[in-house]
Amino acid sequence: MPVSQESINIISSVRSNLESCLLGKEFEIQILLTALLAGGHVLIEDVPGTGKTQLIKALAKTMQGDYRRIQCNPDILPSDITGVSVFHPRDEQFYFRPGPVMTNVLLADEINRATTKTQSALLEVMEERSVTVDGETHQLPHPFMLCATQNPIDFEGTYMLPEAQLDRFMMKLSLGYPDAATERELMFKSKHGQLTDKLRPVTHMSTIAEIQKETQDVFLGEPVADYLLGITRATREHPSVLLGASPRATLSFMNAVKAFAFLQGRDYVLPDDVKTLAPYVLSHRILLRPESRLDKTTTATVLEFILRQVKVPVQMGR
């Protein structure tokens with residue numbers, strides 16, 4: 001079915017709001033919105049001070065969504081994230097006290113500073129959209145999106161994310177430093193406070209939930225689907241790779257390219273959509289062999305090789 005122009009206008013307004021807050025990062029914002037519309041989670045890996053937290057805060061404010069932030073550190077406990085049952089003496093029963101995960105947009109800042117035990121508390125949250133406390137399961141608000149950040153430079157006092165958790169992030173991206181002109185513009189625009197303070201909501205989370213359903217109807221032809229599948233399967237067969245992309249990655253990839261096509265105003269997926277998103281969806285899901293890392297092989301070079309080798313479909317008839 002054709003893409004709703006009203007939905008496109010809403011997403012364009014959301015994008016404009018974010019671009020006014022994070023200057024010079026139009027494509028990165030588009031990647032973030034792709035994950036949002038596809039119902040996925042995002043891992044932002046970058047050095048401090050590049051606007052990671054401000055971007056996520058702006059996203060929640062733009063959609064009038066509930067927003068919570070967890071500042072991860074080695075002292076934080078799983079119950080500090082999921083919630084805890086508290087005994088009420090007068091009623092002589094336990095009541096569930098929700099943790100910060102009961103929100104629409106959750107920011108786990110410096111997630112790799114939390115211990116592996118605490119990180120594991122997010123596994124059920126990311127996959128099942130629920131938390132289980134004392135044997136009772138509580139559903140998270142819908143829609144729900146986890147945005148995590150980590151510093152790729154600082155390794156002291158950090159814990160590597162396990163492969164099972166990395167696989168639950170639909171996309172991984174980096175913002176990078178702005179160019180000189182953009183940074184100069186930022187200096188003058190920030191004279192009177194944070195740019196996020198000036199943002200006004202342009203939509204609601206319930207509307208975003210409806211648009212998420214629309215993206216599922218974007219057409220993915222068999223030739224393009226086979227192209228996407230060929231790329232993910234090739235990651236498992238490359239000689240430099242110890243652990244390739246999982247079937248979960250294939251499904252995430254499919255949902256992501258549909259959402260990306262929707263953002264371009266199309267109701268069908270092109271091979272270029274697949275090629276554009278491949279590094280963002282697959283790079284963090286590939287584990288290289290130790291000897292490959294010694295040869296200075298990277299996941300980027302592996303993906304470049306795979307994208308050159310997998311045949312691009314020519315005909316994409318509906």
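Here is a quick walk through this structure, from the whole chain down to a few residues worth a look.

**The whole chain**

Keep in mind that this is a predicted model. The chain runs to 318 residues, and 49% of them count as buried. Its fold uses 13 helices and 11 strands. A compact globule with 318 residues would have a radius of gyration near 20 Å, and the chain has 20 Å, so the two agree. If you box in the C-alpha atoms along the principal axes, you get roughly 70 × 45 × 45 Å.

What about contacts along the sequence? Among those with a separation of 6 or more, 78% are between residues 24 or more positions apart.

**An annotated stretch and a buried aspartate**

UniProt, in an unreviewed entry, places "domain: ChlI/MoxR AAA lid" at residues 233–302. In the model this span is 61% helix and 7% strand, and its end C-alpha atoms lie 13 Å apart.

Now zoom in on Asp273, which sits in helix 11 (residues 271–282). Is Asp273 buried or exposed? Its relative accessibility is 3%, and buried means under 20%, so Asp273 counts as buried. Which partners does its side chain have there? One is the side chain of Arg266, joined to that of Asp273 by a polar contact of 2.9 Å. The Asp273 side chain also reaches the backbone nitrogen of Leu270, at 2.9 Å. Leaving aside residues up to four places away in sequence, Asp273 touches Val257, Phe260, Ala261, Arg266 and Tyr268.

Most residues other than glycine have a negative phi, and most peptide bonds are trans.

| Residue | Phi | Relative accessibility |
|---|---|---|
| Gln64 | about 55° | 46%, partly exposed |
| Asp134 | about 55° | 66%, exposed |

Where do they sit? Gln64 lies in the loop between helix 3 (52–62) and strand 2 (67–71). Asp134 is in the loop between strand 6 (130–133) and strand 7.

There is a peptide bond to check too: the one from His142 to Pro143 is cis, with omega near -5°. Pro143 is found in the loop that links strand 7 (136–139) and strand 8 (145–150).

Methods: Residues numbered from 1 in each chain as written. Predicted model: local features only at pLDDT ≥ 70, side-chain atom pairs only at ≥ 80, totals over all residues. Heavy atoms only, no water. Helix = DSSP H or I, 4+ residues; strand = E, 2+ residues; numbered from the N terminus. Buried < 20%, exposed > 50% of the residue type's maximum accessible area, 1.4 Å probe, protein only. Polar contact = N/O pair within 3.5 Å; in protein donor to acceptor, adjacent residues only side chain to side chain. Contact = heavy atoms within 4.5 Å. UniProt positions renumbered as here; feature names shortened; annotations may be inferred. Rg over C-alpha atoms; globule rule 2.2 N^0.38 Å.
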